[in-house]
Amino acid sequence: MQPAHLYQAPPDLLAGRNILVTGAGDGIGRAAALAFAAHGATVVLLGRTQAKLDAVYDEIVANGGAQPVIQLLDLKSAGDESYQALNEAIVDTLGCLHGVLHNAALLGPRTPLEQYPTAKWLEVMAVNLNAPFALTRALMPALRLAPEASIVFSSSSVGRRGRAYWGAYAVSKFGIEGLSQVLADELVNTSAIRVNCINPGATNTAMRREAYPAESPASNPHPAQIMAAYLYLMGPASRGVTGCSLDAQGG
Ligand code: NDP
């Protein structure tokens, strides 16, 4: 089988599919929203900054994509009620959900655990781990209505092997790997929903530039250049693949 990062998606890969992307206004989420729409999907753009979501919306429409849906939500503070309302709105307006890319995340401080501020720890956990759990749970009805569906969580190399000073970010990504495995195992024999993680690898985004200020941004690929594995996981080529953790840049 061809590795996911070399997957060549047909132009109509996601035609007729509805896919929600968190953190869709910037970085990898923005690139994924554009790529999914370019391959035929109707994309639900979830994020916390209206102007950024509007810009992605306009770009999708200008490129001839299906009219997206904007969902303004701050994952730090949103609760079950907002997520359930979103599930109902998706069922009412789109019928069902074929995919979720949990992409939004915060880097948080990179500092020794001894000095790590508790408030920041809780904030990073809320956005990076608790929100993907609560949002996934709330969206299960919409996902179960689809003939098949794909849930993709965003991991990191520090979510597989701990590294000094990466604090709550690293621990949240370990949690994401665990969440993905538990959910995949629960759904594998009882549903047509597959659940996987993806580690984008070093990618030229605001988060990467914040984490590595001394690095030349151009030394890493643009988010649009790492979309093959994201398309692979969202489309039917990954049917039967579940409980895995892939690398968007190979590895
Ligand atoms: P960016 O910081 O560039 O983008 C993060 C996105 O998440 C932004 O759209 C941001 O919105 C959104 N977001 C952050 N907090 C919230 C919140 N509270 N509510 C809603 N949306 C929020 O990150 P990347 O694109 O680099 O990262 C995407 C994913 O890939 C993350 O899960 C990250 O951990 C992972 N990753 C990235 C790597 C890299 O090298 N870039 C390497 C390994 C993993 P806004 O723009 O409005 O702030």
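By class, the shell around the ligand is made up of 12 nonpolar, 12 polar and 7 charged residues (Ala, Val, Leu, Ile, Met, Phe, Trp, Tyr, Cys and Pro count as nonpolar, Asp, Glu, Lys and Arg as charged, and the others, Gly among them, as polar). The model is predicted, so to speak of local features takes a pLDDT of at least 70 and side-chain atom pairs count only at pLDDT 80 or more, while totals for chains, interfaces and linings use all residues. Residues are numbered from 1 along each chain as its sequence is written, and side-chain values use heavy atoms, with hydrogens and water left out.

Thr 49, Lys 52, Asp 74, Tyr 169 and Thr 205 come nearest among the 31 residues around the ligand (near means a heavy atom within 4 Å). As for polar contacts (pairs of N or O atoms within 3.5 Å), a polar side-chain atom of Asp 74 sits 2.8 Å from a ligand nitrogen. On its own the ligand has 900 Å² of accessible area, and the protein covers 93% of that (Shrake-Rupley method, 1.4 Å probe).

Helix H1 (27-38), helix H5 (167-187) and helix H6 (206-211) each give two or more residues to the shell (helices are DSSP runs of H or I, at least four residues). H6 provides the largest share, 3 residues.

How values were computed
Polar contact = N/O pair within 3.5 Å; in protein donor to acceptor, adjacent residues only side chain to side chain.
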